[in-house]
Amino acid sequence: MSISIQGVTKRYVRRVAPGSPPSVTTALDDVDLDIEAGQFVSLLGPSGCGKTTLLRMIAGLVQIDEGRIMVGGKAVDSPRRDLCMVFQSPSLLPWRNVLDNVAFPLELDGMPKAQRHQTARQFLRLVGLDAFAEHLPHELSGGMQQRVGIARGLVRNPAVLLMDEPFGALDAQTRETLQADLLRIWDQTKCTIVFVTHSIDEALMLSDRIVVLKPRPGRINRIIGPAFRADRL
Ligand code: ADP
Ligand code: ADP
């Protein structure tokens, strides 16, 4: 699915005390960005430039003040099942085994147990953890837990995968393994991926397009990219 971000502005307004003047942070100012279906885009930029805000707005988790975001031709105004967000920490349910964690979104959908387990197994296989289906999350390493989180995100076959520094908390070797996993997943699912990172190396290694969010005088945090675009060889 394609993503079209059109003139999007986001301001956070905070009132420190009742009656005091509000403090306003402009997180994004009139941002335009078009992402083609099936593209793997990395969103790069210094801390505080609005990357997470933009990703959460695409996911329908943060309200848009001005402009609009279209995903697959439909405006986003609330969380949608065809969009999946993966965070830095996977927040697995500790008392449920790996299989039931991956199957959880399908359980919420009311899918019968046998069917959701079968589907969940398929996605555990995709992330290389089918041998760990019966384990509890705490029995797995951090990298393996993050893979469970990715499998859970993919289990509803989303057309768009939104990832907010998903490997930021992992050591270098684990990160490399997961990066390779992700490329394989992208290849197999053909989903559109928007990947927030502040590592240029990671962006270069993974994505076929890099978009830079950068503060500019007068136009705070406006997207000035695509600064670079390359096809994978
Ligand atoms: P990044 O992900 O690039 O670090 P964020 O989207 O997290 O940037 O933040 C962009 C700006 O908006 C920052 O100045 C941040 O302090 C501010 N901000 C983010 N979330 C909130 C919030 N819930 N309330 C107030 N300000 C926020
Ligand atoms: P982290 O990713 O947190 O470093 P790894 O994924 O590298 O952890 O795995 C940690 C340990 O778990 C490794 O020693 C490895 O033997 C084991 N492990 C990880 N994934 C699998 C797997 N798919 N099958 C069997 N063992 C695995």
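Predicted model: local features only at pLDDT ≥ 70, side-chain atom pairs only at ≥ 80, totals over all residues.

User: Where is His117, and what does His117 touch?

Analyst: His117 is in helix H3; helices (H or I, at least four residues) and strands (E, at least two) are DSSP runs, numbered from the N terminus. Not counting residues up to four places away in sequence, His117 touches Leu99, Asp100 and Ala103. Contact here means heavy atoms within 4.5 Å.

User: Which residues of H2 are buried, and what do they pack against?

Analyst: In H2 the buried residues are Val98, Leu99, Asn101, Val102, Ala103, Pro105 and Leu106. The buried residues of H2 pack against H3 and H4. At the start of H2, a side-chain oxygen of Asn97 comes within 3.1 Å of the backbone nitrogen of Leu99. A polar contact is a pair of N or O atoms within 3.5 Å; within protein, one must be able to donate a hydrogen and the other to accept it, and residues adjacent in sequence count only if both atoms are side-chain atoms. Just after H2, Gly110 has a positive phi of about 85°.

User: How do you know that the length of helix H4 agrees with its number of residues?

Analyst: The expected span of a helix is 1.5 Å times one less than its number of residues. Helix H4 (residues 142–154) has 13 residues and should therefore span 18 Å; its end C-alpha atoms are 19 Å apart, which agrees.

User: What makes H4 mostly covered?

Analyst: In H4, 10 of its 13 residues are buried. They are Gly143, Met144, Gln146, Arg147, Val148, Gly149, Ile150, Ala151, Gly153 and Leu154. The buried residues of H4 pack against strand S6 (83–86), helix H2 (98–108), helix H3 (113–126), strand S7 (160–164) and helix H5 (172–189).

User: Why is Met144 counted as buried?

Analyst: Met144 has a relative accessible area of 16%, so Met144 is buried. Met144 touches Leu129 and Phe132, not counting residues up to four places away in sequence. The C-alpha atoms of Met144 and Phe132 are separated by 9.4 Å, and the two residues are 12 apart along the chain.

User: Which residues surround ligand 2?

Analyst: Around ligand 2 are Gly128, Leu129, Phe132, Ser141, Gly142, Gly143, Met144, Arg147 and Thr174. A residue is near a molecule or strand if one of its heavy atoms lies within 4 Å of it. H4 supplies the largest share of this shell, four residues.

User: Which polar side-chain contact does Arg147 make with ligand 2?

Analyst: A polar side-chain atom of Arg147 lies 2.7 Å from an oxygen atom of ligand 2. Backbone atoms take part as well: a backbone N or O atom of Gly128 lies 2.5 Å from a nitrogen atom of ligand 2, and a polar backbone atom of Gly143 is 2.8 Å from an oxygen atom of ligand 2. Taken alone, ligand 2 exposes 540 Å², and the protein buries 48% of that. Accessible areas come from the Shrake-Rupley method with a 1.4 Å probe; for residues, only the protein chains shown count as cover.

User: What lies around ligand 1, and which element gives the most?

Analyst: The shell around ligand 1 includes Tyr12, Arg14, Thr25, Ala27, Gly48, Lys51 and Thr53. H1 gives the most to that shell, with three residues. A polar side-chain atom of Thr53 is 2.5 Å from an oxygen atom of ligand 1, and a polar backbone atom of Lys51 is 2.9 Å from an oxygen atom of ligand 1. Taken alone, ligand 1 exposes 560 Å², of which the protein buries 64%.

Terms used:
Residues numbered from 1 in each chain as written. Chains lettered and ligands numbered in written order. Heavy atoms only, no water. Buried < 20%, exposed > 50% of the residue type's maximum accessible area, 1.4 Å probe, protein only.
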